[in-house]
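Hello,

Here is the structure I promised to pass on to you. Have a look at it first, and then read my notes below with the model open beside you.

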Amino acid sequence: MSAPDPSTRPAPTAQAPAHPRRVLFVLLLPLFMALVAVSVINVALTPIGHSLKADSEGLQWVLSGYALAFAVLLVPAGRVGDATGKRRILLLGVGLFTLGSLMAGLSPNVGVLNVSRILQGLGSGLLNPQSIGLIQVNFRGQARAKAFAMFGTTVAVATAVGPVIGGLLIQVLGEDMGWRWIFFSNVPIGILAIVLGLLWIPNDKLRTKDTKPDLDPVGTILLGLAILMIMLPFLERSVSALVWLLLPLGLLLVFGWVTWENRYRRGGRPPMVDPDIFRSPPFRNGIIIVTVYFLGSTSIWIVLPLFLQMHLDRTPFEASIIGLPSSVAAMISSQLGGRYVLRLGRRLVIAGFVVVLVGLALVAVMAGVVESGVLPFWTLAVPLTLVGISQGMTISPNQTLTLNAVDPRYGGVAGGILSLGQRIGAAVGTALIPGILFSLTENGTPWVEAFIITLTVIMLMAMAALGVSVVDRKRERVTGTDA
């Protein structure tokens, strides 16, 4: 990555915080809050619809508004944090998310709720790259690997407990108050995160020769519009077939954005994202790996509940708890992955993809046996545990290896790009994979066969990510970075 203009180069930051555990706790606390907000919302949609008398279109934007606002801000927020100070942008993001949570809990109608969810998404988009960037700046070597392992563990815990917390609140408080307290519960957590952030995270406010740092507004707008147009068709695919016309326009805007960034740099000004960052093979390969992996991995937990509830007549609660062992396994394997990633390098990620392929193959084999009644439905939790183990061996280790190739001073932008790859992969995957399942069943394919075919598509995506990992492993050996 080429050196930025010296006048806008960030001042160096201390390599290690005085209290690393405190810093990490503050970084992971709002991350946990934001992730629970994502995992819990599916449980709350039906009560929200009943309480606010909302139609399906209004409820769709409870999901889409958050996802779009989150994705659009990831990379620009990373750039702003790198240029002006990550702590202040992190705290601003937490503040916006907390305000959105309070407004959501008080919402008198679905319109106000959707505005509140957009605020939450903007807050998440601001804080997420700062969390990654501050880990990059404040931790080195094995300490950084362990920090990213805790990052992965936080993701696993939030994903697991979110639906449980939501279901419990709705069960105890009733539909109307239950979903509202799902949002209200974020308020004290957000306030605590702001207070502790001010006390424990080092103030990294950057001073430059210019009073106003160059934030490349044209590049920011181009990328934001491109992301919006690429993701919207996948999130709002049921509105009209014409929405798909936005996809090629979005891809064209990506080309325009790259052209602009190169031109901006040649003019001697710092672009929002220096295109040279993508010339780093480990960074480029890591982005491809995580994007392709998320195309399929997030859909596992959509098609499985559909199979259990719509075909095997299991309850929503039964469908939700079958993934708990997998989440526990992901928590444990994330910690082990953080311990060994620098020693094993891409070999750990490759092994993780092999494990997920074995787990998915076993789920496919067992599906027919479970359907016949020979085995109870909960035995599917056994091969799904392998899926959880693989998560800890792939996501956080890939994050560590990918970001190790980037100067920590630009960790916010790099983290934003990495997270954006996940969001785009998840958006495309959650539109594509369930669509395959439904199209097969609606055309007369037996449910179990359709489920197995869908799992096969997910496995093909995992194999594609595995292939890129093998290529990067060969690069490690050739360049002498073999772990």
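**The second largest cavity**

The second largest cavity has a volume of about 40 Å³. By cavity I mean a set of points on a 1 Å grid, laid over the protein atoms alone, where a 1.4 Å probe fits but cannot get out. The volume is the space filled by probe spheres set on the points, with grid points joined across faces, edges and corners. Rolling a probe the size of a water molecule over the atoms shows where empty space is left. The structure holds four cavities of 30 Å³ or more.

Before going on, please note that this is a predicted model, where local features need pLDDT of at least 70, side-chain atom pairs count only at pLDDT 80 or more, and totals for chains, interfaces and linings use all residues. Residues are numbered from 1 along each chain as its sequence is written, and side-chain values use heavy atoms, leaving out hydrogens and water.

Which residues line the second largest cavity? They are Y293, G296, S297, I300, V356, L360, I458 and A462, where a lining residue has an atom within 4 Å of a point. Two or more of these residues come from each of α10 (281-311), α13 (346-372) and α16 (447-479). Helices here are DSSP runs (H or I, at least four residues), numbered from the N terminus. With four residues, α10 gives the most to this lining. By class, the lining of the second largest cavity has six nonpolar, two polar and no charged residues. In this scheme Ala, Val, Leu, Ile, Met, Phe, Trp, Tyr, Cys and Pro are nonpolar, Asp, Glu, Lys and Arg are charged, and the others, Gly among them, are polar.

One of the lining residues, I300, sits in helix α10. I300 counts as buried because its relative accessibility is 4%; buried means under 20% relative accessible area, exposed over 50%, and partly exposed in between (1.4 Å probe, protein chains only). I300 and G429 are 129 residues apart along the chain, and their C-alpha atoms are separated by 9.7 Å.

N285 also lies in helix α10, and is buried with a relative accessible area of 10%. Its side chain makes a polar contact with the side chain of D472, at 2.6 Å. A polar contact is a pair of N or O atoms within 3.5 Å; within protein, one must be able to donate a hydrogen and the other to accept it, and residues adjacent in sequence count only if both atoms are side-chain atoms.

In helix α13 you will find V363, which is buried at 2% relative accessibility. V363 and T379 are 16 residues apart in sequence, with 9.5 Å between their C-alpha atoms.

**The second largest pocket**

The second largest pocket has a volume of about 490 Å³. Of the 24 residues that line it, V254, W257, F278, L420 and I424 are the closest to its centre. A pocket is an open set of points with protein on both sides within 12 Å along at least five of seven lines. The elements giving two or more residues to its lining are α8 (217-235), α9 (246-266), α10 and α15 (411-442). The largest share, six residues, comes from α9. The lining of this pocket divides into 20 nonpolar, two polar and two charged residues.

At the start of α2, a side-chain oxygen of D55 comes within 2.8 Å of the backbone nitrogen of G58. Further along, α2 has a kink of about 45° at L74, shortly before the proline P76; the bend is the angle between axes fitted to the seven residues ending at a residue and the seven starting there. After α2 comes G85, with a positive phi near 130°.

Most residues other than glycine have a negative phi. K53, in the loop between α1 (20-52) and α2, has a positive phi of about 55° although it is not a glycine. K53 is exposed, with a relative accessible area of 74%. D216 also has a positive phi of about 55° without being a glycine. D216 belongs to the loop between α7 (186-200) and α8, and is buried, with a relative accessible area of 0%.

Best wishes
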